[in-house]
Amino acid sequence: MLGVLLSIKRQCIKSEKQYKANFYLMVLAGIITNAASLGVPFILFHNIPSISGWSSNEIYLIMVYIIIAEGLNSVLFEGAWTIPEMVFSGKLDMLLIRPESSLLQILCYGVGIHGIGNLIFGIPALIYLQVTMNLTRPIDIMLSILSVICGTAICLSINLIFNSVAFWIDTGGSTSITYAISNLIQYARYPITIYPLVMQIILCFVVPCAFMGMIPAMIITGKVSVIYAVAVIMIAALFMGLAVLVFNKGITKYESAGM
């Protein structure tokens, strides 16, 4: 399955690189957008010493975990965003008759070029932060890798669940519902303790973006016990399982073009 995924992604990137100017501009845009997003806390920390007990580097760490998770999703699983359009147009028909998993085929469909920019910016930034914060022990490196993997799974599950709504609701091929939900991830780029209690609950248990950035950052910086890594794994596994369940249930409701 991994071999199929990587093979398809190589072909997608080759296809995108046929338009070299567009390809490199999209990558550059991804880098600039993420660099600019770090400008807000940079400006804030010139005026205040900390935000809700978090230093500037700790907040950058939260943001970088999310940037990398979003980048990996964009590069590897961009196809989740095509579900509403495939359902509306009937393009899903051709995937269902193939012997490969329909979910795998959808997830492999296309590649988000801006996600490459996320990774080019995010991975060196994470390495720099860990060196600067003296988080270079093997356990720290392992926790960071685990955090990125779980964050990617959570981000994918959010995209897959809410795009699969198209199996029940005629969205006209639009992804507006998922865009609205995924915007909550932007709130999780900061410590959720700065938000009202209701928002904290939503970001932890309804759309668990806090487990993509803040909770992993708390674990690696020693704000909470390493045992919380188990909770991150459990949340990632739970929501990934829920996402697959919702998608598979949706497939049974699919009625081909003109549903």
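Begin by selecting Thr82, which at 18% relative accessibility counts as buried; the model on your screen is a predicted one. Thr82 sits in the loop that runs between α4 (56-76) and α5 (83-89). If you display its side chain, you will find that it reaches the backbone oxygen of Gly79 at 2.6 Å. Setting aside the neighbours within four places in sequence, Thr82 is also in contact with Ile106 and Tyr109.

Next, move to Ser164, in the loop between α9 (138-163) and α10 (176-182). Ser164 counts as buried at 0% relative accessibility, and, when residues up to four places away in sequence are not counted, it touches Ile83, Val246 and Phe247.

From there, step into helix α10 and select Thr178, a buried residue with a relative accessible area of 2%. Not counting residues up to four places away in sequence, Thr178 touches Trp81, Asn159, Phe162 and Asn163.

**The nonpolar core**

Now turn to the largest nonpolar core, which has 78 residues, and select Leu61, Leu92, Cys209 and Ile215, the members that touch the most other members. Helix α4 supplies the largest share of this core, with twelve residues. As background while you look, nonpolar side chains in soluble globular proteins tend to be buried together.

Keep Cys209 selected and show what surrounds it: leaving out residues up to four places away in sequence, Cys209 touches Ile158, Leu184, Ile185, Ala188 and Leu203.

**Helix α12**

Leu203 leads you into helix α12.

**Cysteines**

Next, colour the cysteine sulfurs. How many disulfides are there? The count comes to zero. Cys155, for instance, is in no disulfide, and the nearest cysteine sulfur, that of Cys209, lies 8.1 Å away. Cys155 is buried, with a relative accessible area of 3%, and Cys150 is likewise buried, at 6%.

**Salt bridges**

For one of them, select Glu58 and Lys223, whose side chains meet with an N to O distance of 3.5 Å. Glu58 lies in helix α4 and Lys223 in the loop between α13 (214-220) and α14 (228-253), so this pair ties together parts that are 165 residues apart in sequence. Glu58 is buried, with a relative accessible area of 14%, whereas Lys223 is partly exposed, at 35%.

For another, select Arg189 and Glu70, whose closest N and O atoms are 2.9 Å apart. This pair links distant parts of the chain, with Arg189 in the loop between α11 and α12 and Glu70 in helix α4, 119 residues apart. Arg189 counts as buried at 7% relative accessibility, and Glu70 counts as buried at 17%.

There is also a salt bridge between Asp140 and Arg137, where the closest N and O atoms are 3.0 Å apart.

**A last stop**

Finish at Asn134, in the loop between α8 (113-132) and α9, which counts as exposed at 60% relative accessibility. Check its backbone, where phi is positive, at about 60 degrees, although Asn134 is not a glycine. For context, most residues other than glycine have a negative phi.

Technical notes. Residues are numbered from 1 along each chain as its sequence is written. This is a predicted model: local features need pLDDT of at least 70, side-chain atom pairs count only at pLDDT 80 or more; totals for chains, interfaces and linings use all residues. Side-chain values use heavy atoms; hydrogens and water are left out. A disulfide is a pair of cysteine sulfur atoms within 2.5 Å. Buried means under 20% relative accessible area, exposed over 50%, partly exposed in between (1.4 Å probe, protein chains only). Helices (H or I, at least four residues) and strands (E, at least two) are DSSP runs, numbered from the N terminus. A polar contact is a pair of N or O atoms within 3.5 Å; within protein, one must be able to donate a hydrogen and the other to accept it, and residues adjacent in sequence count only if both atoms are side-chain atoms. Contact means heavy atoms within 4.5 Å. A nonpolar core is a set of buried Ala, Val, Leu, Ile, Met, Phe, Trp, Tyr and Cys residues joined through side-chain atoms within 4.5 Å. A salt bridge is a side-chain nitrogen of Lys or Arg within 4 Å of a carboxyl oxygen of Asp or Glu.
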